[in-house]
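Hi everyone, thanks for coming.

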Amino acid sequence: GELYKSKIKFFKKFHRNPKKKLNVLEAGYPHNHWLYPELPRYSYYEKLFTEINIGQFLKKFGANSFYKIHPDRNKSFVKEIIKENYDTIVEENFETLNLNKFDLVIQTYTLGRTFMYSVLQDIPIIFLDGEINEQYNNEYDKKELNKRCMMINYTSQRNYLEFNYSELENYLNKIKNNKVS
């Protein structure tokens, strides 16, 4: 929390045109099926299932959905699955993306540079929080992260990740109607 505190507190209020469709960027999970296969909330297949559900939900919501695919997953069957559930696949390096083209970023994973890069940018973040209690056991860190991100808790249920879609919809509507500061 201390490392980024000085950067986070000086963000401007986010403004967008509420008449336009939301442009939502989902930051894809970076790992393949060989990494962390036994850890809950880190399973490659659970993350893929969650990302597919997010893409389908964004389409139902009426948003323009963009999926930033990780280079390790770009040349696999995953790309074809993602294409079916998102409007656009983004292949360029996350740190070189012009985030001003998007109204928000959805993150499902904190242990990577895409999350930290997002936190340091002037863009709303919805974070699907399945790991916060394991990774951030310091209450100060949780509090600071909660100031910067809109948090949606999820849990591992019946071999897949489950989260509250109405909470996601509420956050999307807040962003759409300029109610996020």
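Let's start with Phe94: at 2% relative accessibility it counts as buried, because buried means under 20% relative accessible area, exposed over 50% and partly exposed in between, with a 1.4 Å probe and protein chains only. Quick note: this is a predicted model, where local features need pLDDT of at least 70, side-chain atom pairs count only at pLDDT 80 or more, and totals for chains, interfaces and linings use all residues. Numbering runs from 1 along each chain as its sequence is written, and side-chain values use heavy atoms, leaving out hydrogens and water.

How many aromatic pairs does a search of the whole structure find? Five. To pair, rings of Phe, Tyr and Trp (its six-membered ring) need centres within 6.5 Å; planes under 30 degrees apart are stacked, over 60 edge-to-face, the rest tilted. Phe94 and Tyr117 have ring centres 5.8 Å apart and planes at 85°, so they're edge-to-face.

Phe94 is in the loop between strand E3 (88-90) and strand E4 (104-107), while Tyr117 is in helix H4 (residues 113-119), so this pair ties together parts 23 residues apart in sequence. Those labels are DSSP runs numbered from the N terminus: helices (H or I) of at least four residues, strands (E) of at least two.

Phe115 and Phe127 have centres 5.3 Å apart and planes at 50°, so that pair is tilted. Phe115 lies in H4 and Phe127 in strand E5 (residues 125-129), so parts twelve residues apart in sequence are tied together. Phe115 is buried at 1% relative accessible area, and Phe127 is buried at 0%.
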